[in-house]
Amino acid sequence: GINAEYGARKNLPATLALWRKYENDHEKKWFMMVDDDTYLLLENLAHFLETYFKEQSFNSDQCYFFGEAWGSSCHFRGKLEEHLFAQGGAGMLMSRKCMELVAPFTNECSVSLKHCWAGDMTVATCLYYKANQTVIPVFDFHSVSLRDEEKGPSCVHKKQNIWKTHPNGFPISFHRMKLNESESLFQLEFADPLLSYQQLNLTKDRIKAKIVTKKPDSKSAGVRNNSRNKRDLSFSETLWLAFLVCALVIICVLIIITIIFLVVVLNERQQTQMELERDLGSYRVYSVRRN
């Protein structure tokens, strides 16, 4: 796995790499970074952006940084000013302008924030100190999974269960999702691609009713568990397996050669013994005749 020190340093270089890849593609207006165990509801994300910018017009020259906002504890060059960061497991959503502002400073911030323990904090702290931009809190980003509905994080603005904050809201992301939960949520989201957003109605209550309270089928769960236990071998494991097989083959060949050698030696000794006994017998007969 990735150790904590390396994990905390990956976000800023990843942000720069993402910007370099799409810097000249001006059709890309939004950039998002999530963890590999995060499920992102794309329809709800599109609905959020559409709803947010109905209330205010989108300004391409403005930085929009959305996420589940927590208080940052990272020092920047010895300074610690109160500011927010977007929790990485819930997802960090940045407009093109934010990426343009933070990208030139990623290398500098990587050095200045090398002691920061969280990668998501480094991005927000860099954007705050170098571009004077901060996170816009959105409670529909979730740093917890469907299972952890009663363990919502203590966010900086409202120390409440995140499900109770907007019980009929449209969740954008869930973190620490298990494979079967992601599969079920995917089936719920894309069961009928012809359904409109309003017909899907993927609110928290509906997701909880369909996914959280649903008892998994034991047969399908068993198949899923078996398939999860079966995994492809890594390259190093394949090499070790090949080495062991070759070693076993060589040992078997050596054993067979040793057995053949022993059989041949014993056979030759037996023949030599028989010849000696025959010669000795002939000599005795000859001696008797002479006498």
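## Glu108–Lys130 salt bridge

In this predicted model, the side chains of Glu108 and Lys130 meet in a salt bridge with an N to O distance of 3.0 Å (a side-chain nitrogen of Lys or Arg within 4 Å of a carboxyl oxygen of Asp or Glu). The pair links distant parts of the chain, 22 residues apart: Glu108 lies in helix α5 (residues 106-112) and Lys130 in helix α6 (residues 119-131). Helices are DSSP runs of H or I with at least four residues, numbered from the N terminus.

Glu108 is partly exposed at 28% relative accessible area, and Lys130 is partly exposed at 28%. Buried means under 20% relative accessible area, exposed over 50%, and partly exposed in between (1.4 Å probe, protein chains only).

## Other salt bridges

The whole structure has 4 salt bridges. One of them joins Lys28 to Asp25, with the closest N and O atoms 2.8 Å apart. Lys28 is partly exposed at 33%, as is Asp25 at 25%.

Lys54 pairs with Glu50, the closest N and O atoms being 4.0 Å apart. About one helical turn separates Lys54 and Glu50, because they are 4 residues apart in helix α3 (residues 42-55). Lys54 is exposed at 65% relative accessibility, while Glu50 is partly exposed at 48%.

## Nonpolar surface patch

Leu241, Val245, Val249, Ile250, Val253, Leu254 and Ile257 form a nonpolar surface patch with about 620 Å² of accessible area together. Patch residues have over 30% relative accessible area and no salt bridge; like charges are joined within 9 Å and nonpolar side chains (Val, Leu, Ile, Met, Phe, Trp, Tyr) within 5 Å. Areas come from the Shrake-Rupley method with a 1.4 Å probe, and for residues only the protein chains shown count as cover.

Val253 is found in helix α12 (residues 235-290) and is partly exposed at 41% relative accessibility.

## Basis

Residues are numbered from 1 along each chain as its sequence is written, and side-chain values use heavy atoms, leaving out hydrogens and water. Local features need pLDDT of at least 70 and side-chain atom pairs count only at pLDDT 80 or more, whereas totals for chains, interfaces and linings use all residues.

How values were computed. Helix = DSSP H or I, 4+ residues; strand = E, 2+ residues; numbered from the N terminus.
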